[in-house]
Amino acid sequence: MSLDHSFILVKAAEYAPEEYFRFVRAPEGSRLHDDIVRYVGDSLQWIPTVNPAKGNEYGRGLNLYGPTAILTEGAALAARIFGTWAELFRLGPDTLTLTGAWCETEGIPGTGHYSHITISRGALVPMLDRIADDCRRVAESAGALFLLHIGI
C-alpha cells in the first residue's frame, strides 16, 4: 500500500466531489508522501475544505485517510500555503532532512526519538509548485474546477 496522497484537478461539470471513488487509484495528479503531508499538516488545517465521503460536509484541512475537496472558497489560501512551502524548501540543500514523527520502542520507556524524513529538494519543490498551481486554477475557475485530494 502506498503512503502517498494524491491531488487531482477535476472539472466540476464532469464529476462531482462525491464521485471521488473514480479517482482512488488514478495515475494522474500530484503525489506527496504522507510524511510530508504530516510535516506541513498544521498549516493545511487552515484551508476550508469539504469531505465528499460525508455528504460534502464543510471542514478544514485534509482527510488523511480519505477524500477531501478543495473548492473555490479554499483554493486561493491553499495555493498560497503550498506555494509558500515550495519557496521555503527551495532555499534548502539538495537533500532535505526534516524532523519526522516521534517514535518509541514499545515496552521500553525512554527509548524515543524523532524519525527523519529525507527527500530530494528537486523532487519535492516541483510537486508543491504543481499543487499550488492547481489550487490557483481552481480559485480562478469560478467553480468550474476543484482539487480532489485522496488520502492514504
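How many residues does α3 have, and how far does α3 reach from its first C-alpha to its last? In this predicted model, α3 has 19 residues and reaches 27 Å. That is close to the 27 Å expected at 1.5 Å a residue.

Now look at which parts of α3 are buried. G74, A75, A78, A79, I81, F82, G83, W85, A86 and F89 are. An α-helix has 3.6 residues a turn, so residues three or four places apart point the same way.

Next, the aromatic rings. The count comes to seven aromatic pairs. One of them joins Y20 and F21. Their ring centres are 6.1 Å apart and their planes stand at 75 degrees, so this pair is edge-to-face. Y39 and W85 make another pair. Here the centres are 6.0 Å apart and the planes are at 65 degrees, so this pair is edge-to-face too. Y39 belongs to helix α1 (residues 34–39) and W85 to helix α3 (residues 72–90), so the pair ties together parts that are 46 residues apart in sequence. Y39 is partly exposed, at 34% relative accessible area. W85 is buried, at 18%. Together with F89, Y39 and W85 form one aromatic cluster.

Last comes helix α4 (residues 121–140). At its start, a side-chain oxygen of S120 reaches to within 3.1 Å of the backbone nitrogen of G122. After α4 comes A142, with a positive phi near 55 degrees.

Notes. Residues numbered from 1 in each chain as written. Predicted model: local features only at pLDDT ≥ 70, side-chain atom pairs only at ≥ 80, totals over all residues. Heavy atoms only, no water. Phe/Tyr/Trp six-rings, centres within 6.5 Å; stacked < 30°, edge-to-face > 60°. Helix = DSSP H or I, 4+ residues; strand = E, 2+ residues; numbered from the N terminus. Buried < 20%, exposed > 50% of the residue type's maximum accessible area, 1.4 Å probe, protein only. Expected span 1.5 Å × (residues − 1). Polar contact = N/O pair within 3.5 Å; in protein donor to acceptor, adjacent residues only side chain to side chain.
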